[in-house]
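Hi,

Here is the model I said I would pass on.

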Amino acid sequence: MANAEAVRDFAQEGAIRERMSKLAAQGVSFSACRNALQGNNVDIPSLPDFVQIVPAGIVELIKLQTAGFCYIKP
């Protein structure tokens, strides 16, 4: 789940997208915060098909943490 300026990486062509595509093919899911996409002027059509859009990243993070996932902030 990407939020803030990290959503920009999802829209870029290149090595990151290639790695994401390979991981998605192995079952890794990717999602992006709609609010962050709008705030960073990222067009949704520029994202790969395997990226799911969630309305609000913070809500998604809470759901994931409640389900046992951990939030890692670089």
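A term to start with: I call a residue buried at under 20% relative accessible area, exposed at over 50%, and partly exposed in between, using a 1.4 Å probe and protein chains only. Helices (H or I, at least four residues) and strands (E, at least two) are DSSP runs, numbered from the N terminus.

This is a predicted model, so local features need pLDDT of at least 70 and side-chain atom pairs count only at pLDDT 80 or more, while totals for chains, interfaces and linings use all residues. Residues are numbered from 1 along each chain as its sequence is written, and side-chain values use heavy atoms, with hydrogens and water left out.

On to the strands. E1 (residues 30-33) is covered on both faces: Phe 30 and Ala 32 are buried on one side, Ser 31 and Cys 33 on the other. E1 runs parallel to E2 (residues 51-54), and four bridges join them; DSSP has to find at least two bridges for a pair. Across from Ala 32 you'll see Ile 53, and across from Ser 31 is Gln 52.

Then there's the largest pocket, with about 900 Å³ of space. Here a pocket is an open set of points on a 1 Å grid over the protein atoms alone where a 1.4 Å probe fits, with protein on both sides within 12 Å along at least five of seven lines; lining residues have an atom within 4 Å of a point. The volume is the space filled by probe spheres set on the points, which are joined across faces, edges and corners. The lining has 27 residues, and Met 1, Ala 2, Phe 10, Phe 30 and Ser 31 lie nearest the centre. H1 (7-11), H2 (15-25), E1 and H4 (57-66) each supply at least two lining residues.

Last, the loop between H3 and E2. Asn 40 is found there and counts as buried, at 18% relative accessibility. Its side chain reaches the backbone oxygen of Ala 4 at 3.1 Å and makes a polar contact with the side chain of Arg 8 at 2.8 Å. (A polar contact is a pair of N or O atoms within 3.5 Å; within protein, one must be able to donate a hydrogen and the other to accept it, and residues adjacent in sequence count only if both atoms are side-chain atoms.) Ala 4 has a positive phi, near 50°. Asn 41, in that H3-E2 loop, has a positive phi near 55° and is exposed at 70%.

Cheers
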